[in-house]
Amino acid sequence: QLRLVESGGGLVQPGGSLRLSCAFSGFAKNYYTIGWFRQAPGKEREGVSCISSSGVGTNYADSVKDRFTISRDNARNTVYLQMNTLKLEDTAVYYCAAQRTFRRHYAQLKRDEFDYWGQGTQVTVSS
């Protein structure tokens, strides 16, 4: 059964760093683009970053470019989101999601294309 489990969230001061992990299982990893989304209180869920099944294709929201880096280790069935220079507005619940596709370099942050979701991990940026 397909499963996605996020970890690594927590409380951090502005300017600090966190690394989120998304452990996935139960599906053929070579055919799934993995993405990170976030939802702040009172706001819609928005795309943060995603990475293709090959690891070659990546995509970032403008608000996190040059601060966040996505990567994947298919041997460990894990996708990482390294978050640096965190800002107050990065506070949200972060969700990992998977999209089945045969396009191995495909990486687009279209929320409706992601079929499977984890439970989320809280990231709080506060002084």
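The charged end of R45 sits over the ring of W117, 5.0 Å from the ring centre. Here, a charge over a ring means NZ of Lys or CZ of Arg within 6 Å of the ring centre and within 35 degrees of the ring normal. R103 does the like with Y106, lying over its face at 3.8 Å from the ring centre.

A quick word on ground rules: this is a predicted model, where local features need pLDDT of at least 70 and side-chain atom pairs count only at pLDDT 80 or more, while totals for chains, interfaces and linings use all residues. Residues are numbered from 1 along each chain as its sequence is written, and side-chain values use heavy atoms, with hydrogens and water left out.

W117 also turns up in a cluster with F37 and F114, linked by ring pairs. Rings of Phe, Tyr and Trp (its six-membered ring) pair if their centres lie within 6.5 Å; planes under 30 degrees apart are stacked, over 60 edge-to-face, the rest tilted. The whole structure holds four aromatic pairs. One of them is edge-to-face: Y31 and F102, 5.2 Å centre to centre with 65 degrees between the planes.

Now the cysteines. There's one disulfide, a pair of cysteine sulfur atoms within 2.5 Å. C22 and C96 make that bond, S to S 1.9 Å, and it's left-handed, at -70 degrees about the S-S bond. The sulfur of C50 is 11 Å from the closest cysteine sulfur, in C96, so too far for a bond.

Accessibility (buried under 20% relative accessible area, exposed over 50%, partly exposed in between; 1.4 Å probe, protein chains only) looks like this:

| Residue | Relative accessible area | Class |
|---|---|---|
| C22 | 0% | buried |
| C96 | 0% | buried |
| C50 | 0% | buried |
| Y31 | 33% | partly exposed |
| F102 | 59% | exposed |
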